[in-house]
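Take a look at the protein chain below. This report walks through its folds, its contacts and its surface.

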Amino acid sequence: MKKIIVTLLAAMVMFSLVGCESKEEKEAKIKEEVTSSVDQFMGAVKEMDFDVANKYLSESSDKLDDNDFGNLDEDSKELVKTALNNMTYEIDSINVDSSESANVNLTVSAMKLDLANSLYAAVTGEGMGDKSVDTNLKIVAEKGKNEDGETTWLLNIDDGTFSNAVVNK
């Protein structure tokens, strides 16, 4: 009888430990998920696919559209496309607050949109070269449902700060 009780007790302890994740494992999983949301968002912005980008924005963030980059004529739109295509970013850090919230520090390197860079891009056909500006952004990521009802990490981004960072006007 003692052997049966000991075996059952050992089995219960083993099953209770199998489902437990350490704090570090949970944090690593959250960081991976947040990184994926930031990558998806920034990739969509680079492609000027604002419908996809907006799926990664929280309800408190202004949704992105063509108007975020000013009232643009066709030539200016091409310049913005060039700037966005050449934009790079790096996630400097992700600090997990809880299983539902994290703070992201992001550095965005983007072409400065001024006459000199416009001429440089037009003449050389190249992107920004060394004519870029780095901007540090602080983003709050919160777990929630996007407009399609999918659970994901939604980014809370100040629209004006973001559009100025990616297209340094």
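Helix α2 is followed by Met48, whose phi is positive, near 55°. Met48 has this positive phi although it is not a glycine. The residue sits in the loop between α2 and α3 (50-54). Helices here are DSSP runs of H or I with at least four residues, strands are runs of E with at least two, and both are numbered from the N terminus. Met48 counts as buried because its relative accessibility is 18%. Buried means under 20% relative accessible area, exposed means over 50%, and partly exposed lies in between (1.4 Å probe, protein chains only).

This is a predicted model, in which local features need pLDDT of at least 70, side-chain atom pairs count only at pLDDT 80 or more, and totals for chains, interfaces and linings use all residues. Residues are numbered from 1 along each chain as its sequence is written, and side-chain values use heavy atoms, with hydrogens and water left out.

**The overall plan**

The protein has six helices and four strands. From the N terminus on, the elements run α-α-α-α-β-β-α-β-β-α. Of its 169 residues, 34% count as buried.

How far apart are the end C-alpha atoms of helix α2? They are 34 Å apart. Helix α2 covers residues 23-46, which is 24 residues, and at 1.5 Å a residue it should span 34 Å, so the two values agree. The expected span is 1.5 Å times one less than the number of residues.

Which residues of α2 are buried? They are Ile30, Val34, Ser37, Val38, Phe41, Met42, Ala44 and Val45. An α-helix has 3.6 residues a turn, so residues three or four places apart point the same way.

The C-alpha atoms of Met42 and Ala53 are separated by 7.3 Å, and the two residues are 11 residues apart along the chain. Ala53 belongs to helix α3. At 0% relative accessibility, Ala53 counts as buried.

**Salt bridges**

The structure holds three salt bridges. A salt bridge is a side-chain nitrogen of Lys or Arg within 4 Å of a carboxyl oxygen of Asp or Glu.

| Pair | N to O distance |
|---|---|
| Glu27 and Lys31 | 3.7 Å |
| Glu33 and Lys143 | 3.5 Å |
| Asp148 and Lys55 | 2.8 Å |

Take Glu27 and Lys31. Both lie in helix α2, four residues apart, about one turn of the helix. Glu27 is partly exposed, with a relative accessible area of 29%. Lys31 is partly exposed too, at 30%.

Now take the salt bridge of Glu33 and Lys143. Glu33 lies in helix α2 and Lys143 in strand β3, so the pair ties together parts that are 110 residues apart in sequence. Glu33 is partly exposed at 26% relative accessible area. Lys143 is partly exposed at 32%.

Next comes the salt bridge of Asp148 and Lys55. Asp148 lies in the loop between β3 and β4, and Lys55 lies in the loop between α3 and α4 (74-86), so this pair ties together parts that are 93 residues apart in sequence. Asp148 is partly exposed, with a relative accessible area of 44%. Lys55 counts as partly exposed at 25%.

**A buried tryptophan**

Is Trp153 buried or exposed? At 2% relative accessibility, Trp153 counts as buried. Its place is in strand β4. Trp153 and Ser58 are 95 residues apart in sequence, yet 8.6 Å apart in space, C-alpha to C-alpha.

**Patches on the surface**

Patches are made of residues with over 30% relative accessible area and no salt bridge; like charges are joined within 9 Å, and nonpolar side chains (Val, Leu, Ile, Met, Phe, Trp, Tyr) within 5 Å. Accessible areas come from the Shrake-Rupley method with a 1.4 Å probe, and for residues only the protein chains shown count as cover.

Met1, Ile4, Ile5 and Leu8 make a nonpolar surface patch of about 470 Å². Ile4 is in helix α1 (residues 2-18).

Glu47, Asp49, Asp51 and Glu147 gather in a surface patch of negative charge. Asp and Glu count as negative, Lys and Arg as positive, while His and the chain ends are not counted. Each charge is placed at NZ of Lys, CZ of Arg, CG of Asp or CD of Glu. Glu147 lies in the loop between β3 (132-145) and β4 (151-156). Glu147 is exposed, with a relative accessible area of 55%.
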